[in-house]
Amino acid sequence: WLAWIPWDAVDRFLAEHAVWVGGALIGLLGVIVLKNVLMAVMSPFMSPLSERVEQILTGSDPDTSFSGKRLVYEFVRGLRLAVGNLFRELLWTLLWLFVGLIPVVNVLSPVMIFLTQSFYAGFGNLDYTMERHLKRKESRQFILDHRGLALGNGIPFMLMLFIPVIGLMIAPPLATVAGTLSAVKRLPAH
């Protein structure tokens with residue numbers, strides 16, 4: 001029943017494009033992993049920034065003292081969140097890559113991959129605030145309830161990362177401050 005498929009043409013296409021497609025997939029995987037590792041590693045630095053912004057915004061007096069225990073907690077929470085999000089992000093990205101193989105709707109694939117990346121970047125940036133108020137599962141539910149907030153934070157973050165060198169320096173703190181400003185307004189009172 002598959003006799004109608006021009007297998008010679010499929011074979012030639014795959015042979016001619018395998019290197020390019022494979023390179024693009026490896027590059028995409030590298031960007032996804034690098035972004036998540038960057039966000040986990042930046043957690044101990046972005047969390048105090050978020051805390052200071054919240055303090056200025058609300059007039060509260062959070063504990064801003066440095067402790068090794070707190071540093072480890074923030075790193076482990078950030079790493080656990082990043083690993084969980086990495087698997088979800090890879091699953092969605094693979095789905096959109098497969099959608100990219102369908103003619104006509106394939107034009108949506110790059111857009112949806114970018115939006116997926118942006119959503120999970122926004123999630124990570126917002127979590128620097130949520131880690132002080134919500135448990136990890138509550139944090140995930142908060143983001144699911146505020147998807148637009150995560151996208152609104154993640155899209156500019158991802159676009160800034162396209163700026164060589166400077167983007168890596170300015171995107172994390174700007175997205176952290178923006179995420180803190182927007183999350184504090186929406187967090188349930190504790």
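Two cavities of 30 Å³ or more turn up when the whole structure is searched. A cavity here is a set of points, on a 1 Å grid over the protein atoms alone, where a 1.4 Å probe fits but cannot get out. Grid points are joined across faces, edges and corners, and a volume is the space filled by probe spheres set on the points. The model is predicted, so local features need pLDDT of at least 70 and side-chain atom pairs count only at pLDDT 80 or more, while totals for chains, interfaces and linings use all residues. Residues are numbered from 1 along each chain as its sequence is written, and side-chain values use heavy atoms, with hydrogens and water left out.

The largest cavity holds about 130 Å³ of space. It is lined by 13 residues (lining means an atom within 4 Å of a point), and the closest to its centre are Met39, Gly78, Leu81, Ala82 and Gly124. Two or more lining residues come from each of helix H1 (7-58), helix H2 (68-99) and helix H3 (108-130); helices are DSSP runs of H or I with at least four residues, numbered from the N terminus. By class, this lining has six nonpolar, five polar and two charged residues. Ala, Val, Leu, Ile, Met, Phe, Trp, Tyr, Cys and Pro count as nonpolar, Asp, Glu, Lys and Arg as charged, and the others, Gly among them, as polar.

The second largest cavity has a volume of about 40 Å³. Leu38, Met39, Met42, Asn125, Tyr128, Phe157 and Pro172 line it. H1 and H3 are the elements that supply two or more of these residues, and H1 gives the most, with three. Six residues of this lining are nonpolar, one is polar and none is charged.

Terms used: 1 Å grid on protein atoms, 1.4 Å probe; cavity = no way out; pocket = protein on both sides within 12 Å on 5 of 7 lines; lining within 4 Å.
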